[in-house]
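Please keep the sequence and the structure in view while reading the points below.

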Amino acid sequence: MIQLCTQANWNSVMNEKRKFRRYDLQLPSHIYKLDGGQDEHIASKTCNISSGGAFFFTNNALDVGTKVEIELLLPIKNLYPSEGYTASIVKSTGYVVRTETKGMAVAFEAANIINPVFASS
């Protein structure tokens, strides 16, 4: 399930002092290790995401500095029900920049654009 951004929590995001706005959004994801000869794959979920990177829940964090390819699965079944689509995949590459006991942070190689769309009342 995708959590929606409301005007109330958008205001708290706006007050954060980071380079990119961060969104608390849990999306299914796949992380592929690109460094070295091993094909390492981690199935995960995002904890939060921004235009510059994301934090991923995992018990198998990769080493800081590891280059990765990320696939984020965006559910779209309600957008195109007659065409049978269930998800859209967004791909990006980046580097592991931090690890914690609950997961790892990945900085994207190129900034992406994420803009909130507010539901009309």
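A nonpolar core is a set of buried Ala, Val, Leu, Ile, Met, Phe, Trp, Tyr and Cys residues that are joined through side-chain atoms within 4.5 Å. The model discussed here is predicted. Its largest nonpolar core has 16 residues, and a search of the whole structure finds three salt bridges.

**The nonpolar core**

- In soluble globular proteins, nonpolar side chains tend to be buried together.
- Within the largest core, the residues that touch the most other members are I31, I49, F56, L62, V68 and I70.
- Two or more residues of this core come from each of the elements β3 (41-50), β4 (53-57), β5 (67-75) and β7 (103-108).
- When neighbours within four places in sequence are left aside, the contacts of I31 include F56, L62, V68, I70 and M104.
- I31 is also in contact with E40, H41, I42, S44 and E69.

**Strand β7 and its partners**

- Five of the six residues of β7 are buried, and the strand is thus mostly covered.
- Strands β4 and β7 run antiparallel and are joined by five bridges.
- F56 has M104 in β7 as its bridge partner.
- Strands β6 and β7 also run antiparallel, with six bridges between them.
- G94 has F108 in β7 as its bridge partner.
- A hairpin of two residues leads from β6 to β7.

**Salt bridges**

- Side chains of opposite charge can pair when their charged atoms come close.
- K67 and E109 form a salt bridge through their side chains, with an N to O distance of 3.7 Å.
- K67 belongs to strand β5 and E109 to the segment after β7, so this pair ties together parts that lie 42 residues apart in sequence.
- K67 counts as partly exposed because its relative accessibility is 24%, and E109, at 44%, also counts as partly exposed.
- K91 and E71 form a salt bridge at 3.6 Å, N to O.
- This pair links distant parts of the chain, with K91 in strand β6 (residues 87-100) and E71 in strand β5, 20 residues apart.
- Buried means under 20% relative accessible area and exposed means over 50%. K91 therefore counts as exposed at 54%, whereas E71 counts as buried at 12%.
- E100 and R98 form a salt bridge at 2.9 Å, N to O.
- E100 counts as partly exposed at 36% relative accessibility, and R98 counts as partly exposed at 40%.

How values were computed: Residues numbered from 1 in each chain as written. Predicted model: local features only at pLDDT ≥ 70, side-chain atom pairs only at ≥ 80, totals over all residues. Heavy atoms only, no water. Buried < 20%, exposed > 50% of the residue type's maximum accessible area, 1.4 Å probe, protein only. Helix = DSSP H or I, 4+ residues; strand = E, 2+ residues; numbered from the N terminus. Contact = heavy atoms within 4.5 Å. Salt bridge = Lys/Arg side-chain N within 4 Å of Asp/Glu carboxyl O. Pairing = 2+ DSSP bridges.
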